[in-house]
Amino acid sequence: MAAPENQLATPVPHFSVRLSPTPRGARLARLLAEQQLRTWGMPLERPTQIVAELAANAATHGRVSGRDFQLLLYLVGHTLRIEVTDTRGDRLPRPQPPSPEGESGRGLLLVEALADRWGVTHGRHPRKTVWAEVSFPAGGPQRCR
């Protein structure tokens, strides 16, 4: 058991799901995240767009046949943390200017614009987690009813 000073005063609301690294899995990640955020009484637009981009990247660039990706959402105070973990730790995301004619390549630029912070954490081989945080003002939406 953790020492009292290391225990949280309130539980941390969280949601986690493993999904197939396919376009359908990425779409389901966005839909499930939207439903969970709605349940928590959170704003939807920025977080669901971030989930959509990170899940699409996991399904496109982090795909390994037979291995799922994981979506994790949790709230600490007034900050929502979004994590998408895949099994392509050898492919690290980097925002790059898209070609003007290109139809893709803007996902991380959107994440960078919508999130307050984002980054990549190496996990146990061969995993990596791409995370983003969105902070909401105190006294904002009603959470965790």
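**Close-up views of a predicted model**

**View 1. Helix H1 passes helix H2 in a right-handed crossing.** The model is predicted. H1 covers residues 23-40, and its axis comes within 8 Å of the axis of H2, the two crossing at roughly 155°. Because angles over 145 degrees count as roughly antiparallel, H1 is roughly antiparallel to H2. On the H1 side, the contact is made by Pro 23, Ala 26, Ala 29, Arg 30, Ala 33, Glu 34 and Leu 37. H2 contributes Pro 47, Thr 48, Val 51, Ala 52, Ala 55, Ala 56 and Ala 59. Sorted by class, the residues of this contact are 11 nonpolar, one polar and two charged.

**View 2. Helix H2 packs with helix H3 at an angle of about 150°.** H2 spans residues 45-60 and H3 spans residues 107-114, with their axes 9 Å apart. The angle makes H2 roughly antiparallel to H3. Here the crossing of H2 and H3 is left-handed, whereas that of H1 and H2 is right-handed. From H2, the residues in contact are Arg 46, Gln 49, Ile 50, Glu 53, Leu 54 and Asn 57. They meet Gly 107, Leu 108, Leu 110, Val 111 and Leu 114 of H3. The contact of H2 with H3 holds six nonpolar, three polar and two charged residues.

**View 3. The second largest pocket has a volume of about 160 Å³.** Strand E2 (69-76) and strand E3 (79-86) are the elements that give two or more residues to the lining of this pocket. Phe 69 and Gln 70 are among the lining residues, as are Thr 85 and Asp 86. The lining also includes Gly 66, Arg 67, Asp 68 and Thr 87. Arg 18 and Arg 127 complete the list. By class, the lining divides into five charged, four polar and one nonpolar residue.

**View 4. A cis peptide bond joins His 125 to Pro 126.** The omega angle of this bond is near 10°. Pro 126 lies in a loop, with strand E4 (117-122) and strand E5 (128-135) on either side of that loop.

Technical notes
Residues numbered from 1 in each chain as written. Predicted model: local features only at pLDDT ≥ 70, side-chain atom pairs only at ≥ 80, totals over all residues. Heavy atoms only, no water. 1 Å grid on protein atoms, 1.4 Å probe; cavity = no way out; pocket = protein on both sides within 12 Å on 5 of 7 lines; lining within 4 Å. Points joined across faces, edges and corners; volume = space filled by probe spheres on them. Helix = DSSP H or I, 4+ residues; strand = E, 2+ residues; numbered from the N terminus. Nonpolar A, V, L, I, M, F, W, Y, C, P; charged D, E, K, R; others polar. Axes fitted to C-alpha atoms, helices over the stretch in contact; angles between N-to-C directions. Parallel < 35°, antiparallel > 145°, perpendicular 65-115°, else oblique. Left-handed = near helix turned anticlockwise from the far one by under 90°. Contact = heavy atoms within 4.5 Å.
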